[in-house]
Structures are given as C-alpha cells and as structure tokens.
Amino acid sequence: MGRQTEKRQEPGSAALAGRLALLALAMFGFGFLLVPVYDVFCEITGLGGKTNDSAATVEETAVVNRAVDLEFVTRVNQYAPWEFRASQHGMTVNPGGLYEARFVARNLRDRAVTAQAVPSVAPQQAAKHFKKIDCFCFTTQEFAAGEERELLVRFIVEPELPEHIDTITLSYTFFDSNLAASN
Amino acid sequence: MSEHDHHDDHGPAKGIKRWLYATNHKDIGTMYLVFSLAMFMIGGFMALIIRTELFSPGLQFINPAFFNQMTTMHALIMVFGAVMPAFVGLANWMIPLMIGAPDMALPRMNNWSFWILPVAFSLLLSTLFMPGGAPASGWTMYPPLVLQTGDAFPFLIFSVHLMGLSSIMGAINVIVTIINMRAPDMLLLRMPMFVWTWLITAYLLIAVMPVLAGAVTMLLTDQFFGTSFFLAAGGGDPVMFQHIFWFFGHPEVYIMILPAFGVVSEIIPTFSRKPLFGHDSMVYAASSIAFLSFIVWAHHMFTVGMPLSGQLFFMFATMLIAVPTGVKVFNWTATMWRGAMTFETPMLFSLAFLFLFTIGGLSGLMLAIVPSDIQYHDSYFVVAHFHYVLVPGAIFGIQAAVYYWLPKWSGHMYNEKLGKLHFWLSAVFVNVTFFPMHFLGLAGMPRRIPDYSTQFANFNSVASIGAIGFGLSQLLFIYIIWLSVRKQGAQATSEVWDNPKGLEWTVPSPAPYHTFERPPEVTTDKAFT
C-alpha cells in the first residue's frame, strides 16, 4: 500500500514538510527569545516595577522642592524562616536628593543561610525614576545562624518623576537564594 | 500469520499489526477518534468527581488537594486528549476524501503522531498514582505554584512535550496533504470549508505548540537545572510565564474551535439544501480570526497590573474578533434562509452549536471589557464562558461531524431516533450544567475551589445534576456508534444524505480501504463553489 501512496506523492512533499518542521523549530526558539525581549521591554518602559539591579550612576542634582511620600513594604517569601522589616514605616523625600533607608533582617534558623532580596516599585511608572546608588538587593546576603543585621539602600528619586505621582511604594521580598538552594 | 502477510493493496493487514503499523489515513483517523472518545470519557469522569463534590457546600467526598488534581487533569485531558485528537482524527479521515487524495502525504509520520499520544497520556495519567499525586496547579501551569508539584512534575512536562510533538507532526501532515495532494481541479478557493479551517488550524498549531514546549522547558530547567526564568529570587519574573503561556493559549482556543466551524459549514448547507452562503468570506473570516488570535493574549491576565494603554489595546483587539466571528454566524444563518431544511441529528447538533457557541462568544465579549473582567476574573463566570465555547462549541461540532460522516465510515446509518434522543438530552443538560455558572460567577463564586459559601448552594446543585445527566447521555452516544459500527442500521448509500456536496459522497459507503487512487474529476456539481 505504500507504493500506491508514493505513486501520487508530489515531489515537493518532503521539502514542504522540512520547511514546516523548520518553522516549528524557529517558533520553539521564538519562545525563548521572548525572555530577553520581555526584559528589554520592561527595562525601557519601566513596566513590571523592576528597578536597576546594579549601582546607578546618578548624580545628586538640585533638590526639587516637591514632597514625595515613600512607603516601605517588606515581605518574606512563603516558608522561608526570616524576620524582615523596615526600620521606619516611610519617609518623605524631595526628588533629586540622596537618601538612605534601613531595613533589618534576622535569620531564624540555626544554620547559615544565603538570602536574596527582590525589590519592586509601585506605581510602575515610578520604577525607572527610582535610582538605587547602593542596595543590599544587588548581591546575595550571607547570614550566620540566628544573625540579625541592618541592611542599607541609598537612592535618588529623579526629578523627572511624573507630576501626578506623590506616593511611591518600595517593596522588598526576602527569598532564600536559589543559588544556595541548588548547591 | 505475519510471515504470510502479502502486501495486498485492497485490504488492511490482519490483527494488531493493522493498527500498530498503520499508515492508512482511515485506520489512523479511526484510532484518533477512538482514542479521543476514551479520553472524553476519562476527562468526563473527572468532571463528574468535581461536580459531585460541588453538589453541596462543605467537603463531602474528596480532599482539596485531590480536587485540584481533578480540575487540572480534567482540563489537560479534555484539551489535549479529547478535543484536539478528535479533530485530527476527523482531518485524517475526511481531508483526503474531500480533496480527492489517496492518503495523507506523510503516512509514516502520521503513524508516529498518533502513537505518541497513548504514551503521552499514560505518562500523564500515571501521575495519579504517584506520591504527591497528579499535577494540581491548573492546566495553565503557572509558576511558582506549578513548581510545588511533587514527583509528577517532570511527567507533566514531558507529556506536554509529547502532545506538542504529536500535534505538530499532525499539522505538518495536514498542510503538506492539502498543498500537494489535491485533485487537479481542486483549486484552493474551491476547497470545502472543513479543509480550509483545518489548513488554518494547522498553521496555528505549528506556530504556537513549540512556544508552549519552550515555556514548559523553562519550567523544567527552573526546577531542576538552577535557571531562573520565572523565579523572582534569581531575577526572573513569574508574570512572564503568563505572557508566554497565553501567547500559546489564545491561538490554542481557536485551534479547538476553527475545525468545528468547518464542520458546521459542511453540515448546514447539506440540510438546508443550499450552497454555503459566502464561502470565500468564510475563508477570509477564519484567516482573520487566526491572525487576531496572536495579538490578544493578555486579555487572560488583565489583573496582573498592566498600564492603561496595554489594557485598552488588548481589550479592543479582543473585541475586534467579534467581527469575523459575526461574519461566520451571519453566513450560516443566511445559508439556512429559505432553505428546504430538515433536522436530522447532525443538523440539530450544528444548530445547537450555532446558538450556544454564540452565547459563549457573547460572554467572551463581556470578559473582554477590562473593568468588568477585573470583576469576573477567576470566577465561575469564566468557567461558564469557556465551557459554552468548548462543550456546545467544540464537542457539539465533533459530535455533529461524527453523526454526519459515521454512515460513510461504517457503511450503516446510525439510529436516528436514538441520535435525536442523544441530542436533546445533551442540549438540555449542557445548559442545565453551565448556564447557572454564569449566575454563580456574577454572584462572586471563585473558580477552582472545592467548597463554597452556602449562598451558592442552589445553583451548584442544579449544575451538578446537569453534569451527571450530560455525562450519562454520552453513554448513549457510544451505544449509537457501536450499533452503526456493528452494522445495526440501514445500509448507507454513497451519498448518505439528500444530494450533499463534496467528493467524500462520491465514494461508496463504507469508504473502501483505498480511495481516489486516480485523482477524481472535480465537477462543479460536487465542488462547493
């Protein structure tokens, strides 16, 4: 019965099937391409509430006399035994000025653990104007058993912050570092 | 016996080898359809477990973890095991017969694409017996929840890979067959609508199944190889999974409905005794739907926090789909206008499709509106919406197709009385099951929960009664098919119906093992335009 089908099989069938298989492979690659595309898109637009993940080179500029409320939210990822809080509930900043905020974290386990804090800024339009000069979230943080430590973030809110934004929420979530977890 | 297997061109091999080594499009089509029916029953049984638990408030029969496993497995099995293979089975059986080809273009790959499926679903179903149980994160597999799946996790990923491979190979086969194997006078725009909608569906499959494969591969490496595609702690973003998943997921819903559009576009003209109204506009409408399906994905995730401009874009793009879909609905209606209509079972299912799919489309429009979607999101309203487009949409389309072509496959008419009984039971119970879910959702009942507030008790009881009725009615469907296959029915003529259009009605019933070894002449009488 194979012969019968081959008799009428057009010569282009294998070539067309090959091209379609290539298309499928290309779409598999496209799925992975979406990852960097997504990151670049979020970086340009500031969507996703992500802030810079290494020290920003922003100079302190003339301080604008405009009060912006900054609120802190601290969270611990589910099941991770940490105590994590902001030293102050919030602060008022003027765009252009250099400020610092302090957080306190304590390892509740009786062994050394490596942590990673992940920041997020709301509203999303504020994310790209919230520049961190130094942050404990840039690197993983090693904690000895039961250690409590103060963590520091230095930042500048750029004067280009859109006019309608008068409150910014800065949130940190504390994770067990997954690099440490996989080792 | 095997040694004496002489390669007779006029009949199938004997015994199990006929099926294991099958390269004949009719055999493979039959296997797909039987497999799909089996999965429909398994998935349906899981739905009944869900509805039994939800019959009254409180936890009665199963624990919440198992409930979540049931919702997840029900969806995966129905989407990838029942609906998609059923359409591939119909494509295998009917596309060569409709375009005058002797077989599918790539018969050995065809064998592969079928036999991968039982393997994939054995992997998936085996997870029910594993420590930690089956996947319970919903069929959308959102991280980080899905990463908490126990031993079942790699089985879930690999079974999705295999289903994807099977669909992609099936789709390649359909495209090559349609492009290369048509009878000489079967011009593209003369092709029957079922062939057209499948051609478009096949392209959708090739475009998006690999993206799903990529997304689940990333889940796999996140879990086992230390990557952080979706893990916030490592710099990834779980919302990105939702974007990638729905980039696959929205075209997927059209993959499940376009072939059903094709089926009713065959059936309504036959029983209205008029040619399909606006054949070419149907082709363009289906193509537009396919194109639009790629730019609406984020309407599944309006609540993740999107800028206003993004919400507006996805809202308007989604509403735009109503235009080509409306063209189709009006064309079917216009086909019936002043037609000499009769109401055999396939026609009844097609009409129910037309009415009830439109209800599902309308609730879809409601969900497209951002402010109302934020209210309806993850509520039973969503459950009602997608079950209206999938059950009286895709499933009724498949059942209409089975009644329409069964006499061509088996050579014997099905029992019309029982067929009509099956239709009326299904049509009534499907509404009893899913219509109250609209009210439940609007009243605030969330989806995917095993227990609920007592205020939702009455509508849930009604829905559960409907589900049990609908499930039992499907046993009648199996019995009717069995009767026809066992030749308990009048011998079917080659035309079966009253002067239907299409090349499949020019071959005898049952269709011989080999058909169109010489390309048929496509006369205007038998072609669709």
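Modeller: In chain B, helices α6(B) and α9(B) are roughly parallel to each other, where roughly parallel is an angle under 35 degrees, roughly antiparallel over 145, roughly perpendicular 65 to 115, and oblique the rest. This is a predicted model, in which local features need pLDDT of at least 70 and side-chain atom pairs count only at pLDDT 80 or more, while totals for chains, interfaces and linings use all residues. Residues are numbered from 1 along each chain as its sequence is written, with chains lettered from A and ligands numbered from 1 in the order in which they are written.

Biologist: At what angle do α6 and α9 of chain B pack, and how far apart are their axes?

Modeller: Two packed helices are described by the angle between their axes and the distance between the axes. Helix α6 (residues 193-224) of chain B packs on helix α9 (residues 279-292) of chain B at about 15°, and the axes are 10 Å apart. Axes are lines fitted to C-alpha atoms, for helices over the stretch in contact, and angles run from 0 to 180 degrees between N-to-C directions. Helices (H or I, at least four residues) and strands (E, at least two) are DSSP runs, numbered from the N terminus.

Biologist: Which hand does the crossing of α6(B) and α9(B) have, left or right?

Modeller: α6(B) passes α9(B) in a right-handed crossing; the near helix is turned clockwise from the far one by less than a right angle, and anticlockwise in a left-handed crossing. From α6(B), M193(B), W196(B), T197(B), I200(B) and L204(B) make the contact, and α9(B) contributes residues including H279(B) and M282(B). Contact means C-beta atoms, placed from the backbone, within 7 Å. Eight of the contact residues are nonpolar, three polar and none charged. Nonpolar covers Ala, Val, Leu, Ile, Met, Phe, Trp, Tyr, Cys and Pro, charged covers Asp, Glu, Lys and Arg, and polar covers the others, Gly among them.

Biologist: How do α2(B) and α16(B) run, parallel or antiparallel?

Modeller: The axes of α2 (residues 25-53) and α16 (residues 457-485), both of chain B, come within 9 Å and cross at roughly 160°. The two helices are therefore roughly antiparallel to each other. Their crossing is left-handed. Among the contact residues are L37(B) and G44(B) of α2(B), and A463(B) and G471(B) of α16(B). By class, seven are nonpolar, five polar and one charged.

Biologist: In what order do the strands of the four-stranded sheet in chain A come?

Modeller: In a regular strand the side chains alternate between the two faces of the sheet. Here the open sheet has the order β2-β4-β8-β6 (chain A), with antiparallel pairing; strands pair if DSSP finds at least two bridges between them. β2 (82-86) and β6 (130-135) of chain A are at the edges with a single partner strand each, so one side of each has no neighbour in the sheet. From one strand to the next, the twist averages 30°. β4 (residues 98-107) and β8 (residues 148-157) of chain A pair over nine bridges, and E100(A) stands opposite R154(A) in β8(A).

Biologist: How many residues of chain A touch chain B?

Modeller: 34 residues of chain A are in contact with 39 of chain B. The largest share on the chain A side, 15 residues, comes from α2(A). That side has 17 nonpolar, 14 polar and three charged residues. The model scores ipTM 0.85 and pTM 0.88.

Key
Two residues are in contact if their C-beta atoms, placed from the backbone, lie within 7 Å.
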